[in-house]
Amino acid sequence: MDTPLKNLAIIGAGAMGSGIAALFASKGLNVVLIDPMEGALERALHTIDRQLNVYAPGSVQEAIGRIRFEPSLDAAANCDLVIEAVPENLELKRGIFAKLDALCAPHTLFATNTSGLSINAIASAVTRRDRFVGTHFFTPADVIPLVEVVRNDDTSEDTVVQVMATLRFAGKRPVLVRQDIPGFIANRIQHALAREAISLLEKGVASAEDIDEVVKWSLGIRLALSGPLEQRDMNGIDVHYAIASYLYKDLENRTEPSELLKSKVESGQIGAKSGQGFYTWSPERRERVLREKSATLGELAAWLNNKASDS
């Protein structure tokens with residue numbers, strides 16, 4: 001399959017931007033990875049090397065050779081597609097796109113990688129709103145197959161077609177989100193699940209380890225093959241309705257983060273990057289889990305792709 005978008009710029013060389021750059025470079029596309037922060041590009045090279053050794057060990061140097069590491073937005077001027085992957089700050093993203101809008105060639109398409117910020121709000125910084133979409137990648141960006149492609153109110157059909165074709169060329173499974181709603185699809189479902197899990201932990205119903213065990217070895221293993229709506233069909237919508245009639249009223253439905261979640265953040269226990277969250281993390285454990293999870297997710301994604309192709 002050919003793609004009309006062969007020259008890509010990735011703005012932001014953090015874990016997400018590095019993963020996106022590694023993915024497209026491993027598929028033979030030319031990539032410029034841009035970040036002005038001191039040391040960011042050097043750290044990105046380490047991340048890219050690690051990730052490529054997981055899923056493309058035979059072509060690591062070849063893929064890295066397709067990536068230019070640049071500190072200035074000017075390097076994106078003639079690219080076909082620019083994917084912004086900077087932190088979740090609306091004004092930061094808008095400021096970057098305002099500069100790109102003035103810098104880039106008329107044919108350039110813009111995409112913002114965000115977990116839930118308004119695509120309309122970010123796109124308002126550019127004149128080419130018809131050539132602007134959201135592309136919500138998942139961590140690790142070069143391993144998880146799905147990308148949510150989110151329209152703004154003015155996104156053209158041609159833009160959607162070109163971006164989704166490029167993502168498919170890179171081995172992704174893009175889905176089109178037709179409305180710019182907070183959290184899109186995945187994060188709305190993910191946060192509903194996390195809200196209930198944190199509530200169960202806060203109430204002392206079970207330990208963090210046991211709650212995770214339940215999800216991984218019942219819901220998780222089944223959801224890999226059957227989504228929640230297909231599963232309702234398989235179980236019977238009447239059965240779901242009967243359970244929902246008594247269970248919904250007892251589910252967590254708060255509209256603000258829980259006190260447990262708030263206290264974790266306020267005390268600096270923010271997860272693996274701080275060494276403590278719901279679990280205790282040493283640097284060695286964090287690195288091992290990242291490496292092992294990437295490898296296993298890659299194997300699982302490949303198996304699921306093959307399964308889907310056969311069906």
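**Exercise 1.** Find which residue stands opposite V31 in strand 3.

*Solution.* V31 stands opposite I67 in strand 3. Strand 3 covers residues 67-70, and four bridges join strand 2 to it in parallel. Strands here are DSSP runs of E with at least two residues, and helices are runs of H or I with at least four, numbered from the N terminus. Two strands pair if DSSP finds at least two bridges between them.

The model is predicted: local features need pLDDT of at least 70, side-chain atom pairs count only at pLDDT 80 or more, and totals for chains, interfaces and linings use all residues. Residues are numbered from 1 along each chain as its sequence is written, and side-chain values use heavy atoms, leaving out hydrogens and water.

**Exercise 2.** Describe how strand 1 and strand 2 pair.

*Solution.* Strand 1 (residues 7-11) pairs with strand 2 in the parallel sense over five bridges. At one of these places, N7 has N30 as its bridge partner. Next, look at burial in strand 2 (residues 30-34): four of its five residues are buried, that is, under 20% relative accessible area, with exposed over 50% and partly exposed in between (1.4 Å probe, protein chains only).

**Exercise 3.** Name the residues that touch the most other members of the largest nonpolar core.

*Solution.* A nonpolar core is a set of buried Ala, Val, Leu, Ile, Met, Phe, Trp, Tyr and Cys residues joined through side-chain atoms within 4.5 Å. The largest one has 38 residues, and I20, F24, L33 and F137 touch the most other members. Helix 1 (residues 15-26) supplies its largest share, seven residues. Apart from this core lies another, of 24 residues, including I34 and F97.
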